[in-house]
Amino acid sequence: MNYRILLADDEPQVLKSFQEKLVNHLDIDPIFTESPKEVLKLIESDPYGYAVILLDFHFKDEERTGADLAIGLRKINPK
């Protein structure tokens, strides 16, 4: 069984670092995005599909923080 994890950060080098570390893990299926809007779309389309969601706290050019985004995600999936 593969565990999907969602990683969101607006810094491409941070995502690249995670990609390099996770590429060889057989039980992890990582999904990467730089956009808080994309995070919402992914979770809305599959609310229970991720074992872990990691969010950046400060997204450039966004008024909401990663904490604000987490509150929105919790409304979609309270678990």
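Is Asn 2 buried, exposed or partly exposed? At 46% relative accessibility, Asn 2 is partly exposed. The terms have cut-offs: buried is under 20% relative accessible area, exposed is over 50%, and partly exposed lies in between (1.4 Å probe, protein chains only).

The views below show a predicted model, in which local features need pLDDT of at least 70, side-chain atom pairs count only at pLDDT 80 or more, and totals for chains, interfaces and linings use all residues. Residues are numbered from 1 along each chain as its sequence is written, and side-chain values use heavy atoms, with hydrogens and water left out.

**View A. Asn 2 and its contacts.**
Asn 2 sits in the segment before β1. Helices (H or I, at least four residues) and strands (E, at least two) are DSSP runs, numbered from the N terminus. Asn 2 and Asp 27 are 25 residues apart along the chain, yet their C-alpha atoms are separated by 4.4 Å. Beyond its neighbours within four places in sequence, Asn 2 contacts Leu 26, Asp 27 and Asp 29. Contact here means heavy atoms within 4.5 Å.

**View B. Leu 26 in its loop.**
Leu 26 belongs to the loop between α1 and β2. Leu 26 is exposed, at 73% relative accessible area. From Leu 26 to Tyr 3 the C-alpha distance is 9.4 Å, and the two are 23 residues apart in sequence.

**View C. The pairing of β1 and β2.**
Strands β1 (residues 3-8) and β2 (residues 28-33) run parallel and are joined by six bridges. Two strands pair if DSSP finds at least two bridges between them. Opposite Arg 4 stands Asp 29 in β2. Between the two strands the chain passes through helix α1 (residues 12-22), and this β-α-β crossover is right-handed. Right-handed means that, with the strands pointing away from the viewer, the path from the first strand over the helix to the second runs clockwise.

**View D. Thr 33 in β2.**
Thr 33 is part of strand β2. Thr 33 is buried, with a relative accessible area of 8%. What does Thr 33 touch, not counting residues up to four places away in sequence? The list is Leu 6, Leu 7, Ala 8, Asp 9, Leu 15, Glu 38 and Val 39.

**View E. The salt bridge of Asp 46 and Arg 4.**
The whole structure holds three salt bridges. Each is a side-chain nitrogen of Lys or Arg within 4 Å of a carboxyl oxygen of Asp or Glu. In this view Asp 46 bridges to Arg 4, with 2.3 Å between the closest N and O atoms. Asp 46 lies in the loop between α2 (36-45) and β3 and Arg 4 in strand β1, so the pair ties together parts that are 42 residues apart in sequence. Asp 46 is partly exposed at 27% relative accessible area. Arg 4 is partly exposed at 24%.

Lys 60 forms a salt bridge with Glu 11, and the closest N and O atoms are 3.5 Å apart. This pair links distant parts of the chain, 49 residues apart: Lys 60 is in the loop between β3 and α3 (66-76), Glu 11 in the loop between β1 and α1. Glu 11 is partly exposed, at 27% relative accessible area. Arg 64 and Glu 62 also meet in a salt bridge, 3.6 Å from N to O. Arg 64 is partly exposed at 27%, and Glu 62 is partly exposed at 26%.

**View G. Asp 61 and its phi.**
Asp 61 lies in the loop between β3 and α3. Its phi is positive, about 60°, although Asp 61 is not a glycine. Most residues other than glycine have a negative phi. Asp 61 is exposed, with a relative accessible area of 81%.

**View H. A nonpolar surface patch.**
Phe 18, Val 52 and Leu 54 make a nonpolar surface patch of about 220 Å². Patches are made of residues with over 30% relative accessible area and no salt bridge; like charges are joined within 9 Å, nonpolar side chains (Val, Leu, Ile, Met, Phe, Trp, Tyr) within 5 Å. Areas come from the Shrake-Rupley method with a 1.4 Å probe, and for residues only the protein chains shown count as cover. Leu 54 is in strand β3 (residues 52-55). Leu 54 is partly exposed at 38%.
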